Amino acid sequence: MTKRIQGSCTTILVGKKASIDGSTIISRNDDGHEALDPERLVVVNPEDQPQHYQSVISKVKVELPANPLRYTSIPNSILTNGTWPAAGINSENIAMSATETITTNSRIQGIDPLVDDGIGEEDLVTLVLPYIHSAKEGVERLGSLLKEYGTYEPNGIAFSDNNEIWWLETIGGHHWAAKRIPDDAYVVAPNRMNIDDFDFSAADTLASADLAELIETNHLNPDFDRINLRHIFGSATIKDTVYNNPRAWFGQKYFTPDVDQDPMGQDLPFICHANRKISIEDVKFVLSSHYENTKYDVYGSGSEADKKLFRPIGINRNHDVHILQIRNNVPAEIAGIHWLAFGANTFNTVVPFYANVKDTPASYKDADGTFNLNNMYWLSCTTALLGDTDYDFYVDMRNSFELGAMSAYRQIENATDAGLSQQTDVNAYLEAANQKLADESMKRQTKLLGDMVIAGSEQMKLRYNLND
């Protein structure tokens with residue numbers, strides 16, 4: 001079986017009482033092993049959803065229900081390893097992000113081995129999102145699929161509706177556990193098993209029917225007086241101390257700065273509470289971050305050893321960042337907002353696309369493997385590459401661009417929200433708004449790249465000060 005190399009992505013979850021406007025927010029950097037892997041924003045309409053599904057990687061075959069919902073999706077452009085839809089919002093405003101690759105250990109693998117011909121990240125959005133009507137139902141459907149087909153990799157998956165956020169982690173080949181995120185809490189989840197304290201009898205947890213018995217029968221719990229799933233099923237390796245834990249530490253430091261923690265600590269908490277309400281801009285900052293204002297910043301003034309010690313959150317392997325927002329203060333027709341940016345996240349902005357549409361703008365939909373600055377994926381990747389050559393020189397341009405762009409997007413969003421009541425064709429109205437957003441984004445990203453090229457040309461080493 002061909003497998004994608006694991007070890008990527010960062011997830012942030014924000015409950016409705018922890019967000020600035022009462023929305024639920026699930027978000028993730030969709031990272032890969034390779035620096036470039038073009039992606040697209042599409043809508044999968046019911047007539048396009050397969051009923052007889054077969055995975056490219058594992059070859060597993062799954063028969064799907066005949067009544068799928070429409071949903072947004074962020075598939076790969078090059079389908080060698082399958083579609084990899086990554087995330088989306090369906091027509092009933094249920095959101096899903098899949099997956100955060102997580103850790104495991106030999107004890108559970110010896111009891112419930114991974115299943116080579118099971119389901120995995122390539123498949124999960126396609127198999128689940130079109131058929132669910134609540135976040136909890138997403139957990140239950142995925143849990144039943146894991147029981148029937150098994151999985152070949154350990155993953156964390158987020159689900160949300162306008163009221164709830166649920167986080168599911170796979171355990172071994174067929175088992176799983178899920179926890180409802182408290183409304184007033186947030187989560188920063190890197191590539192480790194993240195769920196810690198777990199109460200099987202609580203109303204805010206779900207799990208495989210025999211998971212508690214499996215732990216007891218096989219003597220898996222290392223703790224004397226608690227059930228901590230990370231301790232039981234996850235890892236606490238040297239790699240975790242430099243690859244995973246620092247990302248959780250930095251996100252928690254940003255949202256809850258008064259908490260003093262060790263960036264390498266193995267027991268950084270799963271459920272956290274911020275010192276303020278969290279905005280979309282806050283989430284985007286953390287998902288683009290590289291340990292700013294610490295000695296670990298790759299663009300900072302720390303020692304070379306410190307700058308290379310930890311894996312940053314924003315990295316050249318970011319293929320997209322999606323922030324799936326389900327709003328509570330607007331009509332259902334416009335509640336789902338699929339915020340999206342492509343490429344490495346240091347020199348881009350997320351754009352708030354309305355999810356209740358049947359098609360998406362060409363500049364976000366048509367990227368393929370051919371370099372083309374008329375596609376946002378390639379335009380964003382190019383800007384990030386140039387910015388990386390001299391971050392300190394370009395960062396002020398980036399900051400001004402980001403403020404202006406986000407202000408413009410929010411103006412379009414506010415005007416679109418306000419005009420909804422006068423519309424007879426909501427889909428067409430929102431598709432036109434999305435086109436305005438895409439055009440504005442392309443214009444501003446192109447100008448940023450142009451400004452960087454013009455200013456940077458004066459800094460080239462290939463120059464001589466004596467005029468001809």
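## Aromatic rings and the interior

Phe 342, Phe 353, Tyr 364, Phe 371, Tyr 377 and Trp 378 are linked into a cluster by ring pairs, where rings of Phe, Tyr and Trp (its six-membered ring) pair if their centres lie within 6.5 Å, and planes under 30 degrees apart count as stacked, over 60 as edge-to-face and the rest as tilted. The model is predicted, so local features need pLDDT of at least 70 and side-chain atom pairs count only at pLDDT 80 or more, while totals for chains, interfaces and linings use all residues. Residues are numbered from 1 along each chain as its sequence is written, and side-chain values use heavy atoms, with hydrogens and water left out.

By the ring rule the count comes to 19 aromatic pairs. One of them joins Tyr 299 and Tyr 391, which are stacked at 4.1 Å centre to centre with 0° between the planes. Tyr 299 lies in the loop between helix 7 and helix 8 (304-307) and Tyr 391 in helix 11, so this pair ties together parts that are 92 residues apart in sequence; helices (H or I, at least four residues) and strands (E, at least two) are DSSP runs, numbered from the N terminus. Both Tyr 299 and Tyr 391 are buried, where buried means under 20% relative accessible area, exposed over 50% and partly exposed in between (1.4 Å probe, protein chains only). The rings of Phe 371 and Trp 378 have centres 5.6 Å apart and planes at 65°, so that pair is edge-to-face. Trp 378 counts as buried because its relative accessibility is 9%.

## Packing

A nonpolar core is a set of buried Ala, Val, Leu, Ile, Met, Phe, Trp, Tyr and Cys residues joined through side-chain atoms within 4.5 Å. The largest such core has 95 residues, of which Leu 229, Phe 233 and Tyr 364 touch the most other members. Helix 12 (residues 426-457) gives the most to this core, with ten residues. A second, separate core of 30 residues includes Val 62, Leu 64, Phe 159 and Ala 178.

Helix 7 (residues 280-287) is mostly covered, since six of its eight residues are buried, namely Ile 280, Asp 282, Val 283, Lys 284, Val 286 and Leu 287. The elements against which these buried residues pack include strand 1 (10-14), helix 6 (238-255) and helix 11 (391-419), with contact meaning heavy atoms within 4.5 Å.

On a 1 Å grid over the protein atoms alone, a cavity is a set of points where a 1.4 Å probe fits but cannot get out, and a pocket is an open set with protein on both sides within 12 Å along at least five of seven lines; lining residues have an atom within 4 Å of a point. Grid points are joined across faces, edges and corners, and a volume is the space filled by probe spheres set on the points. The structure holds five cavities of 30 Å³ or more.

| Space | Volume |
|---|---|
| Largest pocket | About 420 Å³ |
| Second largest cavity | About 50 Å³ |

Of the 20 residues that line the largest pocket, Ile 315, Asn 316, Ala 344, Ala 384 and Asp 388 are the closest to its centre. Helix 10 (residues 376-389) supplies the largest share of this lining, six residues.
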